[in-house]
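User: I'd like to learn how to read a model like this one. Could you walk me through a few features?

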Amino acid sequence: MISLSDTQKIGMGLTGFGVFFLFFGMILFFDKALLAIGNVLFVAGLSFVIGLERTFRFFFQKHKMKATGFFLGGVLIVLIGWPLIGMILEIYGFFLLFRGFFPVVVGFIRRVPVLGYLLNLPGISSAQKRIHSNGQLKYLPWSTNACVAETVLFCLYH
């Protein structure tokens, strides 16, 4: 098991609350205040988990500038007061930024008893194979049996 410092534990909490507020804000028909709080908590939590310098390095890599522009632009538009447009831009930027983590998450979910069964159903399994074959999600050079938290931290650090 991976050991976390107190700062990283606080960051995990902030990130969790950020995701909760974002989800709750979308459920309540894109409430501006909840989405703004969720955005601030998510970005602050990410900074606490991996550190401020690594957060800047992660967001401002040359090949991720488009994704960062969409994500942070969406956050800014939500803060200005246009939640629907901002969330669309933000979700697109989020998928561009974190698309390397999705195969790790799918590999982890496949090992969870009930969810793994659902992912192995014929329709879902064939759709996932089709996505992998189109090259949208590349295979991971590390083992999918590794702990998801360690893999995510590894991806964020490099």
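Analyst: Start with pLDDT, the predictor's confidence in each residue, from 0 to 100. Here the protein chain has a mean pLDDT of 83, with 82% of its residues at 70 or more. This is a predicted model, where local features need pLDDT of at least 70, side-chain atom pairs count only at pLDDT 80 or more, and totals for chains, interfaces and linings use all residues. Residues are numbered from 1 along each chain as its sequence is written, and side-chain values use heavy atoms, leaving out hydrogens and water.

User: Which helix has the lowest mean pLDDT?

Analyst: Helices are DSSP runs (H or I, at least four residues), numbered from the N terminus. Among the elements, α9 (residues 148-157) is lowest at 47, while α1 is highest at 95. Residues 136-156 have pLDDT below 50.

User: Is Val75 buried or exposed?

Analyst: Buried means under 20% relative accessible area, exposed over 50%, partly exposed in between (1.4 Å probe, protein chains only). Val75 has 11%, so Val75 is buried. Val75 sits in helix α4 (residues 65-80). Contact means heavy atoms within 4.5 Å; leaving aside residues up to four places away in sequence, Val75 touches Asn39 and Glu90. The C-alpha atoms of Val75 and Asn39 are 6.4 Å apart, though 36 residues separate them along the chain.

User: And what about Phe20?

Analyst: Phe20 lies in helix α1 (residues 6-27) and is partly exposed, because its relative accessibility is 44%.

Technical notes. Helices (H or I, at least four residues) and strands (E, at least two) are DSSP runs, numbered from the N terminus.
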